[in-house]
Amino acid sequence: MTQLTLPGFDAPPPAPVHRFFFAVMPDPATAARITDLAESMRLEKDSPVSTERLHITLGSVGDFAYVPDAKLARARAVADRMDVPSFSVRFDKIISFNGRSGRQPLVLMGKAGLEDLLDFRRQLRDALKRVGVRVFPSGFTPHVTLLYGAQRPDEYRIEPITWTVLDFVLIDSWLGKSHYDVLGRWPLTTGSPPG
């Protein structure tokens with residue numbers, strides 16, 4: 001029996017070239033400190049993350065071969081309505097995540113001092129879900145990627161790195177290009193939450 005083919009269904013879909021995600025980024029002084037730390041951990045073949053690209057991913061809205069204008073418009077509308085006070089984050093160790101051989105991410109991690117970040121991420125994800133914008137992955141391990149390189153078997157304790165998160169951003173990451181475009185930036189409210 002021969003397989004029927006339909007016109008237009010035999011070509012593979014176009015490869016994604018954009019990854020859109022929400023993130024928070026360190027202030028310039030903290031980013032410089034993180035870059036110095038990454039440089040001190042760097043081995044010969046490692047690829048460091050450039051200072052201006054350091055971030056904590058809050059969640060991806062997907063990988064696309066095109067710019068999904070309608071989905072991004074809904075995501076921006078949600079971001080416009082977020083009303084969350086600024087908060088601080090704290091990272092105090094460095095570990096390797098699993099990845100492709102020779103391309104394992106070396107990341108900043110923490111346990112204490114990330115509760116407000118976790119809560120903000122949950123609020124943002126829930127608000128996006130209500131307007132039909134799914135955020136990936138469902139789980140969340142707050143981290144800042146320092147570099148990609150050889151697996152480090154050890155966990156390194158460091159002097160804590162902290163900063164106050166004053167805003168969040170929507171980023172268009174050009175896949176395979178090591179290039180980001182910040183598509184939007186939204187301030188968090190300053191001062192103490194009402195209580």
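## Starting with an arginine

At 30% relative accessibility, Arg 90 counts as partly exposed; buried means under 20% relative accessible area, exposed over 50%, and partly exposed in between (1.4 Å probe, protein chains only). Before we go on, note that this is a predicted model, where local features need pLDDT of at least 70, side-chain atom pairs count only at pLDDT 80 or more, and totals for chains, interfaces and linings use all residues. Residues are numbered from 1 along each chain as its sequence is written, and side-chain values use heavy atoms, with hydrogens and water left out.

## A network of charges

Which residue meets Arg 90 in a salt bridge? The partner is Asp 92, and the two side chains come to 3.1 Å, N to O. A salt bridge here is a side-chain nitrogen of Lys or Arg within 4 Å of a carboxyl oxygen of Asp or Glu. Asp 92 is buried, with a relative accessible area of 11%.

Asp 92 also meets the side chain of Arg 157 in a salt bridge (3.4 Å, N to O). Arg 157 lies in strand β7 and Asp 92 in strand β4, so this pair ties together parts that are 65 residues apart in sequence. Strands (E, at least two residues) and helices (H or I, at least four) are DSSP runs, numbered from the N terminus.

Another salt bridge joins the side chains of Asp 167 and Arg 185 (3.2 Å, N to O). This pair links distant parts of the chain, 18 residues apart: Asp 167 sits in strand β8 (residues 167-174) and Arg 185 in strand β9 (residues 179-187). Asp 167 counts as buried at 18% relative accessibility, while Arg 185 is partly exposed at 47%. Back with our arginine, salt bridges that share partners join Arg 90, Asp 92, Lys 93, Glu 155 and Arg 157 into one network. The whole structure has 10 salt bridges.

Helix α1 covers residues 28-41, and at 1.5 Å a residue its 14 residues should span 20 Å; the end C-alpha atoms are 20 Å apart, which agrees. The expected span is 1.5 Å times one less than the number of residues.

Which residues of α1 are buried? They are Thr 30, Ala 31, Ile 34, Leu 37, Ala 38 and Met 41. They cover an arc of only 120 degrees around the axis, which puts them on the same side of α1; the arc is that of the directions from the helix axis to the C-beta atoms. An α-helix has 3.6 residues a turn, so residues three or four places apart point the same way. On the other side of α1, Pro 28, Ala 29, Asp 36 and Ser 40 are exposed. The cover over the buried residues includes β4 (87-96), β5 (104-109), β6 (144-149) and β7 (156-165).

## The nonpolar core

The largest nonpolar core has 45 residues, and those with the most contacts inside it are Phe 22, Leu 108, Trp 163 and Phe 168. Such a core is a set of buried Ala, Val, Leu, Ile, Met, Phe, Trp, Tyr and Cys residues joined through side-chain atoms within 4.5 Å. Apart from this core lies another, of six residues, among them Phe 21, Ala 23, Met 25 and Ile 171.

Leaving aside neighbours within four places in sequence, Trp 163 is in contact (heavy atoms within 4.5 Å) with residues including Thr 30, Ile 34 and Phe 91. Phe 91 is in strand β4 and counts as buried at 0% relative accessibility.
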